[in-house]
Amino acid sequence: MIRALILLGATGDLAGRFLLPGLAALEAAGRLPDDFLVVGAAREAWDDETFRKHATRCLEQHAEDVPAPAREAIVGALRYRRGDFTDPDSVARVLQAGELGARAAPLAVYLALPPKLFAPTVTTLAAVGLPPASRVVIEKPFGEDLEGARELNELLGRVSGDAGERALFRVDHVLGLATVQNLLGLRVGNPLLEAVWNSRHIDRVEVLWEEDLALEGRAGYYDGTGALKDVMQNHMLQVLALIAMEPPAGATERDLRDRRAEALRAMRPPPLELMTSLTRRARYTAGRIGNRAVPAYAEEDGVDPGRRTETFAEVVLEVGSERWAGTRFVLRAGKAMARRRKEAVLRFRKGERLSGGAASETAGNELRIGVDGPVDIALRLTGSEAGTPPRPVPLTLISPPPASDLPAYGRVLLDVLGGGSALSVRGDEAELAWGVVTPVLEAWADDAVPLEDYSAGSSGPPRRD
Ligand SMILES: NC(=O)c1ccc[n+]([C@@H]2O[C@H](COP(=O)([O-])OP(=O)(O)OC[C@H]3O[C@@H](n4cnc5c(N)ncnc54)[C@H](OP(=O)(O)O)[C@@H]3O)[C@@H](O)[C@H]2O)c1
């Protein structure tokens, strides 16, 4: 296991809200080595003590459920180095700092940096060189488009050298979420489900990523990015790949990644002539979410309305495989929606005996899998009582995570430090995912699809059909 983590961007939001809490959870679970060291770096003129005070506050706020001794142990493992990573010498100085230089052991270098710094920092890492068996961890977004992803892969290849993908970790934290991890188990562990996991039985698969939060001051990142690039190109396509893929041939991480890549390769975006009927994009106008008044997206601080950034995106795809011919795959993401809903829904075809008469009123069977939060699985069956028409009967399992459960970033960090790759997106997967959304992005950039409006607090723009 790697015993030293270099956290580039240690003063930022990701580090404070997710990475330090993830490490504290690992420490509490006894999953970190005794002499574990974290060297944080950023431009702030901090010293070790200032960084530790900052980390203590972050952990109090975002890891309050982790026992105090584990939080204190992580704080004790922290060091801080100042550096501006636009300057290659700065990165080199951080990597060779004090205790690290003396150890010459493998490092995990986590780029928790603004995406524009990914390419220059990776270039510097390649020039400086890392100790053998080190890993480079790169956050999302992995490039701003297909070309950017290819360039980043090429640069990463220079750092990893002969170790190739084993030295690289492209984070999609959604792969670390409990229910997403369980998706595969749900399929292969239940022959009942696997037997009907195909287009003969499933009419439509929906992957939904609806948030009841609006911009929340994140214009600097979000404006110009939009829903499609922010969550659909990465998290949602990964969830879809896990649903659409064939069961892995073996139990290795490579088997799993091969299957995910195959599924991504089979995804068919709408052809240009169907873009207006099979994709939608929209921006929220002023409205209310619960008792909160939300201003129009275009009026939010830092937003340039001329960029026409979408806060709602819907794309209907096909998956060109024998298993899925005839099933529609709908991806829908939105901000400032009426309610928070991050889930995959498999809608089964209605049974023939249910068509016609009162029975046709019955909704079909439905399997709903929550992808964020506790394990949340619901199956809608049809039941009836004597003398009454059939009616939907929900069976819902919502199981809180066990106390020992790790948060998604805890799992991601464990995989990074332990040398696993199941929770990382392979280079070809990242490019394939960009390939799926590129025709849609191009059609939208050409205004081939109108930018619609929806009120904040609604369920999105009115349907066009
Ligand atoms: N925050 C999230 O919820 C979240 C979720 C998923 C993915 N991500 C990804 O994680 C990465 C970090 O996001 P974030 O929200 O943490 O951003 P952030 O709050 O803006 O933090 C960026 C960090 O990078 C440092 N930094 C910026 N420019 C630098 C430079 N020239 N030299 C050295 N350090 C520099 C900043 O510190 P100084 O300004 O002091 O240098 C800060 O520590 C991004 O790629 C983002 O897309 C974030």
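Modeller: Helix α1, residues 13-28, contributes the most to the shell around the ligand, with 4 residues. Keep in mind that this is a predicted model.

Biologist: Which residues come nearest to the ligand?

Modeller: T11, D13, L14, R43 and K140, out of 24 residues around the ligand.

Biologist: And how does that shell divide into nonpolar, polar and charged?

Modeller: There are 13 nonpolar residues, 4 polar and 7 charged around the ligand.

Biologist: What lies 2.9 Å from a nitrogen atom of the ligand?

Modeller: A backbone N or O atom of F85. On the oxygen side, a polar backbone atom of R43 is 2.8 Å from a ligand oxygen, and a polar backbone atom of E44 is 3.3 Å from a ligand oxygen.

Biologist: How much of the ligand does the protein bury?

Modeller: 81% of the 880 Å² that the ligand exposes when taken alone.

Biologist: Changing topic. How much space lies in the second largest pocket?

Modeller: About 350 Å³. Its lining has 18 residues, and K229, E310, L441, W444 and A445 lie nearest the centre of that pocket.

Biologist: Which helix gives the most to that lining?

Modeller: Helix α15, residues 427-445, with 6 residues.

Biologist: What does the lining have by class?

Modeller: The second largest pocket is lined by 9 charged, 5 nonpolar and 4 polar residues.

How values were computed
Residues are numbered from 1 along each chain as its sequence is written. This is a predicted model: local features need pLDDT of at least 70, side-chain atom pairs count only at pLDDT 80 or more; totals for chains, interfaces and linings use all residues. Side-chain values use heavy atoms; hydrogens and water are left out. A residue is near a molecule or strand if one of its heavy atoms lies within 4 Å of it. A polar contact is a pair of N or O atoms within 3.5 Å; within protein, one must be able to donate a hydrogen and the other to accept it, and residues adjacent in sequence count only if both atoms are side-chain atoms. Accessible areas come from the Shrake-Rupley method with a 1.4 Å probe; for residues, only the protein chains shown count as cover. Helices (H or I, at least four residues) and strands (E, at least two) are DSSP runs, numbered from the N terminus. Ala, Val, Leu, Ile, Met, Phe, Trp, Tyr, Cys and Pro count as nonpolar, Asp, Glu, Lys and Arg as charged, and the others, Gly among them, as polar. On a 1 Å grid over the protein atoms alone, a cavity is a set of points where a 1.4 Å probe fits but cannot get out, and a pocket is an open set with protein on both sides within 12 Å along at least five of seven lines; lining residues have an atom within 4 Å of a point. Grid points are joined across faces, edges and corners, and a volume is the space filled by probe spheres set on the points.
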